[in-house]
Amino acid sequence: MAERMKWIEVIMPQLAESLVSATIGKWLKKPGDRVEQYEPICEVITDKVNAEIPSTVDGIMGDLLVEEGTTIAVGEAICRMQVAASDEEAAEQVTQVSQQQEQVQQHASHTPLAASNTAGHDPNHPMRNRYSPAVQSLAAEHGLNLQSIQGSGAGGRITRKDVLTFVAQGGNAAGSSAPATSPAAQHTPSGVPSASPFSGVNRGNGEMGLTAGEAISASDAGVPVRLSGIHLTESPKIPQIEVEGGGQGRSEYFIDVTPVRNAIARNMRQSVSEIPHAWTMIEVDVTNLVMLRNKLKDEFKRKEGINLTYLSFMMKGVVNAIKDYPIMNSVWAVDKIIVKRDINLSMAVGTEDSVLTPVIKHADQRNIAGLAREVDELARKTREGTLKLDHMQGGTFTVNNTGSFGSILSQPIINYPQAAILTFESIVKKPVVINDMIAVRSMANLCLSLDHRILDGVISGRFLQRVKENLEGYTMETKVY
C-alpha cells in the first residue's frame, strides 16, 4: 500500500457546552517535534479549569498557528501536524467517520465506542497493528518483531512500556525473520488517524473525545468536524504571575494579567454590571455549634482522616433553608425566573493566584459528614490544580467561608448567573445580653448578597432567619452521619 505524507489541522475543541473560547497557556511541543497519539501538545486556560489538549494522531508538529496567551474560539485551528496517510485510507475516512458520528448520537454513555474493524485487524484488538514512531524506533534498536509483543494500550496497541518490558524479560527477535517495521508496511501507517474514537472520555462532561479522523480538516475529509471533548490533565498548572520592570530606584513595577485573572475580572464585571446587587447581614449565636464540633472533631479526624470544619455545618443549614425558600435557588431569564430543583452548592476556594468555585452536587442529599468530605476533596483539588470541568459546572447557590481568614463582615459579589451568595464570617466571642443578663457567646455574621430582580428584602430576610435558626438549632445530640 503506497504511503504519502499529509498535513492536518488541529482545532480548538469545545471544552464544555457553555464555553466558546480558550486561551493557549503554553505549548508543550514545538515545530519539528515528534508527537505520539494521546500525548499533550499544549495547555489551555478557560474560565472553568486548566486543561491539556492531547494529540489524536502520531505525527510531527508543524506550524504553531496561535501564540501563547492568545484566546481562540472553539473550532479554529491552533496548529498543523504532518502525518502519514495512504490513498485508500483517505478515501475510506469519510465513510468511517460518518458511521462513528451516527454511533455517538445513538450512545450517550461514558464508555468509548467500539473501534471500527478494518481488513486484517483483530476485532478484539483494533489498534494492535498501529505503532507509534517511538515504538518502531525501540523495536528497530533492539531488533524486535512487534508481532510477538503483547499490547496493553487502548485497543491492544503496543506502547513503549510494553516494548521495554519485553526487552527486560529477555525478549528478542529470534524465531522471526520479519523485520521490526514490516507490520507497519502491511497495515495502517503509524501516523494515520484511526477511524475509531480514542480510548477514554471527557471525565468533565461525559462527551466522547475527538477521533483522529474527526481532527482532520473538512477540506481533507469532506465531513463536518466534531469539536467536543478533551482529556483533562491530572495536574493542570495555574499560571504564575510574572513581575517585570522593578529595577532599582523605580517607584512602581508591573504585573502581567494572567488569563485566569482576566477571566475573573470579566466575570466579576459581568456580575456587577448585569445584576442589581443588594446585601443584608444577620448575627448568629453559634455557641452550641462550637461545642458540638469540639466534641466530634477528634473522633471524626480518626475515622475519616479529614477535618470536621464549621463550613459543613453551615452548608447543611443553608440547604435546609433553601428547601423552605426555593426561590433562593434560581436564575434570572429576562421574561421568567428559573427555579432549580437540584441544590448544587458552589463553594469559593482561594489560591495564591485565583478564586475558583467548585460545586457540591445534590448537596441537600448529603449529611454533615458527606458535606465535610466533599468540602475537603474539592478544596484539595482546587489547590493542587486537579479540578475537572464537571467539578465547576451546575452550581445554583454559592457559599464562602470568609471567616477562615479572619473577616467579620463582607459584601460578596454574586456568582453569575445565580441569585445569591452567602458568606460565613469569623466566629468571635462577644458579650451578649440574654434574659437581661450578660453572657459570653460565640457569635458569627452571615452576609447575603442578592439579585434584586429576583429577591426582595422580605424573602431574603426570612431565608437568613431560617439559616440562623438552623445553625442555632444544633445541640450536643446532633448527628453528623
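**Figure 1. The loop that holds Pro417 in the predicted model.** In this predicted model, Pro417 lies in the loop that runs between β18 (397–400) and β19 (420–424). The peptide bond leading from Tyr416 into Pro417 is cis, and its omega is near 5°.

**Figure 2. The hairpin of β20 and β21.** Strand β20 (residues 428–434) is paired with strand β21 (residues 437–451) in the antiparallel sense, over seven bridges. Within this pairing, Lys430 stands opposite Arg441 of β21. Two residues separate the strands of the hairpin, and Asn435 there adopts a positive phi near 55°. Asn435 is a residue other than glycine with a positive phi, and its place is the loop between β20 and β21. Its relative accessibility is 70%, so Asn435 counts as exposed, the threshold for that class being over 50%.

Figure 3. His362 belongs to the loop between β17 (359–360) and α10 (368–384). Its phi is near 50°, a positive value in a residue other than glycine. With a relative accessibility of 31%, His362 is classed as partly exposed.

**Figure 4. The open four-stranded sheet.** Four strands form an open sheet in the order β5-β4-β2-β7, and their pairing is antiparallel. From one strand to the next, the twist averages 45°. Strand β2 (residues 21–27) pairs with strand β4 (residues 40–45) over four bridges in the antiparallel sense. Ile24 is found opposite Val44 of β4.

**Figure 5. Helix α7 and its buried face.** Helix α7 (residues 259–274) comprises 16 residues and reaches 22 Å from its first C-alpha to its last, close to the 22 Å expected at 1.5 Å a residue. Its buried residues are Val260, Ala263, Ile264 and Ser271. Viewed down the axis of α7, these buried residues fall within an arc of 100°, and they therefore line one face of the helix. The elements covering them include β4, β5, β11 (277–285) and β16 (355–356). Arg269 and Ser273 are exposed residues on the face of α7 turned away from its buried side.

**Figure 6. Helix α9, a mostly covered helix.** Helix α9 has 15 residues and reaches 22 Å between its first and last C-alpha, close to the 21 Å expected at 1.5 Å a residue. Eleven of its 15 residues are buried, and the helix is thus mostly covered. The buried positions include the nonpolar residues Leu311, Phe313, Met314, Met315, Val318, Val319, Ala321 and Ile322. Ser312, Lys316 and Gly317 of α9 are also buried.

**Figure 7. The largest nonpolar core and a separate one.** The largest nonpolar core consists of 79 residues, and those with the most contacts inside it are Ile78, Val318, Phe397 and Phe463. Helix α9 (residues 310–324) supplies the largest share of this core, eight residues. Leaving aside neighbours within four places in sequence, Phe463 is in contact with Val318, Ala321, Ile322, Tyr325, Met328, Phe397 and Leu448. Another core, of nine residues, lies apart from the largest one and has Ala139, Leu144, Leu146 and Val163 among its members.

Terms used:
Residues are numbered from 1 along each chain as its sequence is written. This is a predicted model: local features need pLDDT of at least 70, side-chain atom pairs count only at pLDDT 80 or more; totals for chains, interfaces and linings use all residues. Side-chain values use heavy atoms; hydrogens and water are left out. A nonpolar core is a set of buried Ala, Val, Leu, Ile, Met, Phe, Trp, Tyr and Cys residues joined through side-chain atoms within 4.5 Å. Buried means under 20% relative accessible area, exposed over 50%, partly exposed in between (1.4 Å probe, protein chains only). Contact means heavy atoms within 4.5 Å. Two strands pair if DSSP finds at least two bridges between them. Axes are lines fitted to C-alpha atoms, for helices over the stretch in contact, and angles run from 0 to 180 degrees between N-to-C directions. The expected span of a helix is 1.5 Å times one less than its number of residues. The arc is that of the directions from the helix axis to the C-beta atoms.
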